[in-house]
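Colleague: Hi! Could you walk me through this one while I have it open?
Modeller: Happy to, go ahead and ask.

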Amino acid sequence: MGFNKVVANADEAIKDIRDGAVIMLGGFGLCGIPENSITALIKKGVKDLTCISNNAGVDDFGIGLMLQTRQVKKMIASYVGENAEFERQLLSGELEVELVPQGTLVTRCMAAAYGFPAIFTPAGVGTEVAEGKEVRRFKDKDYLVEEAFEAEYSIVKAWKGDTAGNLIFNKTARNFNSVMAMAGKISIVEVEELVPAGQLDPNFIHVPGIYVHRIFQGNNYEKRIEQKTVRK
């Protein structure tokens with residue numbers, strides 16, 4: 001692959017994702033989601049996906065669009081309250097769902113990024129989250145053993161990137177994107193601005209290019225606001 005990891009567009013970036021793949025999708029709510037890549041996945045028609053994401057978008061945007069087209073078999077997420085179609089598929093048994101505490105979700109991503117097999121967390125001890133899981137005791141406190149995620153692909157969006165894959169995220173859009181960019185076996189990144197290697201200040205790099213396999217400049221970002229509140 002060398003140092004130039006640029007692909008032409010989203011279609012090229014996701015072309016080898018097959019039915020049944022396990023993918024991570026960055027973003028928080030509708031902030032920092034990989035809009036172009038989601039559109040490409042819908043266009044490709046790949047199905048039976050397991051999606052690891054903080055949330056499932058809304059009915060007509062983000063991962064919610066993939067739920068509309070029945071491409072998602074299983075959703076692993078921490079928050080799903082803004083998506084009526086998600087709720088319908090869950091209650092009807094059409095969609096398998098694993099709800100994960102938000103801190104546990106991001107730390108399982110981090111474990112995958114750092115090469116750790118598992119984490120220990122007190123979150124969920126004594127609840128349904130703990131059913132069927134190993135519990136370890138440290139200094140008179142119980143902790144769940146939560147395994148690192150194993151995702152074939154991570155798909156994220158960054159603000160700026162260079163041809164070597166170095167990434168900078170913009171404000172809260174950094175959210176799950178930065179850790180997921182490092183956690184997938186193949187990391188796919190779409191950016192708002194793609195520049196030649198060496199143009200980004202190394203002091204402000206959030207994810208070094210060694211973690212990134214494919215990068216492309218996205219376009220036509222809608223950047224929809226999930227909950228708009230204005231003065232009367």
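Colleague: Which residues touch the most other members in the largest nonpolar core?
Modeller: Met 24, Ile 52, Leu 105, Phe 149, Leu 167, Met 180 and Val 189 do, out of 29 residues in that core. A nonpolar core here is a set of buried Ala, Val, Leu, Ile, Met, Phe, Trp, Tyr and Cys residues joined through side-chain atoms within 4.5 Å, and buried means under 20% relative accessible area, with exposed over 50% and partly exposed in between (1.4 Å probe, protein chains only).

Colleague: And what is this model, before I go on?
Modeller: This is a predicted model: local features need pLDDT of at least 70, side-chain atom pairs count only at pLDDT 80 or more, and totals for chains, interfaces and linings use all residues. Residues are numbered from 1 along each chain as its sequence is written, and side-chain values use heavy atoms, with hydrogens and water left out.

Colleague: Back to the core: which elements each supply at least two residues?
Modeller: E1, helix H5 (102-114), E8, helix H6 (177-183) and E10. Helices (H or I, at least four residues) and strands (E, at least two) are DSSP runs, numbered from the N terminus.

Colleague: What does Ile 52 touch?
Modeller: Val 22, Ile 23, Met 24, Leu 25, Ile 76, Leu 105, Phe 149, Ala 151 and Met 180, not counting residues up to four places away in sequence. Contact means heavy atoms within 4.5 Å. There is also a second, separate core of 27 residues, which includes Ala 10, Leu 41, Val 46 and Cys 51.

Colleague: Which way do the E1 side chains point?
Modeller: Val 22 and Met 24 point one way, Ile 23 and Leu 25 the other way, and all are buried.

Colleague: How many bridges join E1 to E2?
Modeller: E1 and strand E2 (residues 49-52) are joined by 3 bridges and run parallel; two strands pair if DSSP finds at least two bridges between them. Val 22 has Thr 50 as its bridge partner in E2. E1 also pairs with E8 in the parallel sense, over 3 bridges, and there Met 24 stands opposite Ser 154.

Colleague: What do E1, H2 and E2 make together?
Modeller: A right-handed β-α-β unit. Right-handed means that, with the strands pointing away from the viewer, the path from the first strand over the helix to the second runs clockwise.

Colleague: Which residues are buried in H2?
Modeller: In H2 (residues 35-44), they are Glu 35, Asn 36, Ser 37, Ile 38, Ala 40 and Leu 41. They pack against several elements, including helix H1 (10-13), helix H3 (63-68) and strand E11 (214-217). Just after H2, Gly 45 takes a positive phi of about 80°.

Colleague: Why does Ser 37 count as buried?
Modeller: Because its relative accessible area is 0%. Leaving aside neighbours within four places in sequence, Ser 37 is in contact with Ala 10, Ile 155, Glu 190 and Phe 216.

Colleague: New topic: where does Asn 203 lie?
Modeller: In the loop between E10 and E11. Asn 203 counts as exposed because its relative accessibility is 67%.
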